[in-house]
Each structure stands twice: as structure tokens, then as C-alpha cells.
Amino acid sequence: MCLAIPAKITELDEGNMATVDILGVTRSISIDLTPQAIVGDYVLVHAGFAIEVVSEQAANETLDLIRQFPEFAEDVQPAPAV
């Protein structure tokens with residue numbers, strides 16, 4: 001399964017690169033697949049590439065779900081050693 005994480009573009013850099021904020025962490029990503037993206041846009045990031053521009057509302061809904069993962073993980077037990 002693949003997972004794309006919403007990120008906010010904070011800076012456009014040279015060579016179709018951008019700096020993004022993902023839950024307070026700054027990363028450099030490629031915007032080759034989303035050349036229309038501008039500073040302030042939210043994009044879905046997968047494998048270091050922005051793959052889609054999304055609305056702020058959609059991004060925030062997804063980020064809210066991601067913030068809940070630690071709560072889900074509390075109920076998950078590690079697989080038994082084989």
C-alpha cells in the first residue's frame with residue numbers, strides 16, 4: 001500500500017524543487033508532476049514528489065486522521081516471533 005502525505009509548500013526552489021512543511025517537519029520535494037503548484041498550496045507528497053495539488057480542507061482532514069495514528073497503534077500488538 002502506498003501513502004501520500006499532505007504538505008504545505010513554503011518555498012519554491014530552483015530545478016522544480018520546493019520546500020514543504022509536513023506536520024512541522026521541513027522537507028525538499030520535487031514538483032515536476034505538479035508544475036502549477038505555488039507557495040501556500042497543499043500537495044500530496046509520495047516518494048519525494050508532489051503528485052497532486054489538494055484543497056486546504058482536504059489536506060487538514062487527512063492530517064487530522066494521521067495525527068490519530070498513535071491512538072490506533074496502542075491497540076496493535078507485535079507479531080509473534082517465528
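**Entry 1: the chain as a whole**

What share of the 82 residues in the protein chain is buried? I looked this up and found that buried residues make up 28%, where buried stands for under 20% relative accessible area, exposed for over 50%, and partly exposed for the range in between (1.4 Å probe, protein chains only). I note that this is a predicted model, in which local features need pLDDT of at least 70 and side-chain atom pairs count only at pLDDT 80 or more, while totals for chains, interfaces and linings use all residues. Residues are numbered from 1 along each chain as its sequence is written, and side-chain values use heavy atoms, with hydrogens and water left out.

I counted two helices and five strands in the protein chain; these are DSSP runs numbered from the N terminus, helices being H or I of at least four residues and strands E of at least two. From the N terminus, I read the order of elements as β-β-β-β-β-α-α.

**Entry 2: the nonpolar core**

I next examined the largest nonpolar core, which has 14 residues. Such a core is a set of buried Ala, Val, Leu, Ile, Met, Phe, Trp, Tyr and Cys residues joined through side-chain atoms within 4.5 Å. Ile9, Val20, Ile29, Ile31 and Val43 touch the most other members. Strand S1 (5-13), S2, S4 and H1 each supply at least two residues of this core.

I then listed the contacts of Ile9 (heavy atoms within 4.5 Å). Leaving aside residues up to four places away in sequence, Ile9 touches, among others, Val20, Ile31, Val39, Asp41 and Val43.

**Entry 3: helix H1**

I checked helix H1 (residues 56-67), whose twelve residues reach 16 Å from first C-alpha to last, close to the 16 Å expected at 1.5 Å a residue. The expected span is 1.5 Å times one less than the number of residues. I found Ala59, Leu63 and Ile66 to be the buried residues of H1. Seen down the axis, they fall within an arc of 55 degrees, so they line one face of the helix; the arc is taken from the directions from the helix axis to the C-beta atoms. The face turned away from the buried side carries the exposed residues Gln57 and Leu65.

**Entry 4: two loop residues with positive phi**

Most residues other than glycine have a negative phi. I recorded Leu23 with a positive phi of about 50 degrees, in the loop between strand S2 (17-22) and strand S3 (25-30). Leu23 counts as partly exposed because its relative accessibility is 40%.

I also recorded Ala47, with a positive phi near 55 degrees, in the loop between strand S4 (42-46) and strand S5 (49-54). Ala47 is exposed, with a relative accessible area of 63%.
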